[in-house]
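User: I'd like to learn how to read a model like this one, starting from a single spot in the backbone. Could you walk me through it?

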Amino acid sequence: MTQIAPNFLDPRHEWKRIFAEVWGTFLLVLVAAGGPVAAVSSGNHAGDALLPVAPGLMVMAIIYFMGTVSGAHLNPAVTIAFAMRRNFPWVRVPGYIIAQIAGGGLAALFLGFMFGNAAVAPGMTLPGHEVTPVKAVLMEMVLTAALVNTILGTSSGARNIGTNGAIAVGGYIALAGMWAAPISGASMNPVRSLAPALVCGDTALAWVYVAGPLAGALIGVAFEWILKGPPTTAGTIAAQGTLDIDETGT
């Protein structure tokens, strides 16, 4: 990598980036898995139709309030995609993924504490009725490829500034959930699926939500090379975050 986001290599700020990934992934999994859990536990299903939209809105909010800190990856597939795109250094990948796993795990444990471990089952992502695991993998692969294209595409230039990136990414996640949740759960995120599965002790189909998103990330990166060519400096800065240091002067 020849272009590094300002202050990204300053080790004094690394804990902030790791904390941001833990906190952001916690909130994402809390909303994505917690919505169905709360609906079933309370017996109030009035808002069920809007549950697929909630993760997209949460991601949008997270990008707004801390996207400049860590890049708001919140997803191992996204972190790996940024690294493969050469917008993010591979040496930082393990730390980000560990932070995301920790955040997602804490969210699932919190839901288990609030409602009981068995009650977290509605928050799992599973193939829909008569949808085979292979079909679910293919759906997750396609959904994640488009998600990665959306993220990389809106961070490659002026489009990554302000509202556009947050709206595009959050909107895509909501849209994917609205039509594809009945097919595969529209996870697109290994941590989002693994966390509740581990709390429930039901990991039989967890491989679907690891293999699908990771394969989709590879495809999304390949498509981005076809569409945009080499990585850009703007994409590197968006992937790594600046901590707003350039803007504040501190």
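Analyst: Happy to! Let's start in the loop that links helix 6 (163-184) to helix 7 (190-200), where Ala186 sits. Keep in mind that this is a predicted model.

User: What is the phi of Ala186?

Analyst: Ala186 has a positive phi, about 50°, and it is not a glycine.

User: Is Ala186 buried or exposed?

Analyst: The general idea is to look at relative accessible area, where buried means under 20%. Ala186 has a value of 12%, so it counts as buried.

User: Which other residue has a positive phi although it is not a glycine?

Analyst: Take a look at Arg86, with a phi of about 70°. Arg86 also lies in a loop, between helix 3 (76-84) and helix 4 (93-115).

User: Now the whole chain, please. How many helices and strands does the protein chain have?

Analyst: There are 10 helices and 0 strands. Following the sequence, you read α-α-α-α-α-α-α-α-α-α.

User: And what share of the residues is buried?

Analyst: The protein chain has 250 residues, and 52% of them count as buried.

User: How should I read the contacts between residues at least 6 apart in sequence?

Analyst: Ask how far apart in sequence the partners are. Here, 83% of those contacts in the protein chain join residues at least 24 apart.

Conventions. Residues numbered from 1 in each chain as written. Predicted model: local features only at pLDDT ≥ 70, side-chain atom pairs only at ≥ 80, totals over all residues. Heavy atoms only, no water. Helix = DSSP H or I, 4+ residues; strand = E, 2+ residues; numbered from the N terminus. Buried < 20%, exposed > 50% of the residue type's maximum accessible area, 1.4 Å probe, protein only. Contact = heavy atoms within 4.5 Å.
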